[in-house]
Amino acid sequence: MSDQPAPPKPHLPYDELHAAIGEDPAARRELAGLRANLEGPAPDAVRVRGHVDALRGVRDVEARIANWWDDPETQRWVMFVTDAGL
């Protein structure tokens, strides 16, 4: 475990993503799962990645979720969660 303090949880642009998804029920479930995982007490980086990968397959969400996922702050948090075994 690192001696570094935990980076802040990355801000998920939930409202923007939710609006872009529209009425796609599968994509809405993936977004809800991503949000729940991020906000839960023990985030799982593998599950977060799974939700992100699924959302990348949604045409109107692809670029938005990729930008969020590829942000250095998001990646720093994912690395911390992975290294910490949370």
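In this predicted model, the mean positions of the 10 positive and 15 negative charges of the protein chain lie 3 Å apart. Lys and Arg count as positive and Asp and Glu as negative, while His and the chain ends are not counted; each charge is placed at NZ of Lys, CZ of Arg, CG of Asp or CD of Glu.

The protein chain has five helices and zero strands, where helices are DSSP runs of H or I with at least four residues and strands are runs of E with at least two, numbered from the N terminus. The radius of gyration, taken over C-alpha atoms, is 13 Å, close to the 12 Å that the globule rule gives for 86 residues, so the chain is as compact as a globular protein of that length. That rule is 2.2 Å times the number of residues to the power 0.38.

| Property of the protein chain | Value |
|---|---|
| Span of the C-alpha trace along its principal axes | about 45 × 20 × 20 Å |
| Share of buried residues | 38% of the 86 residues |

Buried means under 20% relative accessible area, exposed over 50% and partly exposed in between (1.4 Å probe, protein chains only).

In helix α1 (residues 14-21), the buried residues are Tyr14, Leu17, Ala20 and Ile21. Seen down the axis of α1, these fall within an arc of 135 degrees, so they line one face of the helix; the arc is that of the directions from the helix axis to the C-beta atoms. The face turned away from this buried side carries the exposed residues Asp15 and Ala19. Just after α1, glycine 22 takes a positive phi of about 70 degrees.

Residues are numbered from 1 along each chain as its sequence is written. Local features need pLDDT of at least 70, side-chain atom pairs count only at pLDDT 80 or more, and totals for chains, interfaces and linings use all residues, while side-chain values use heavy atoms, with hydrogens and water left out.
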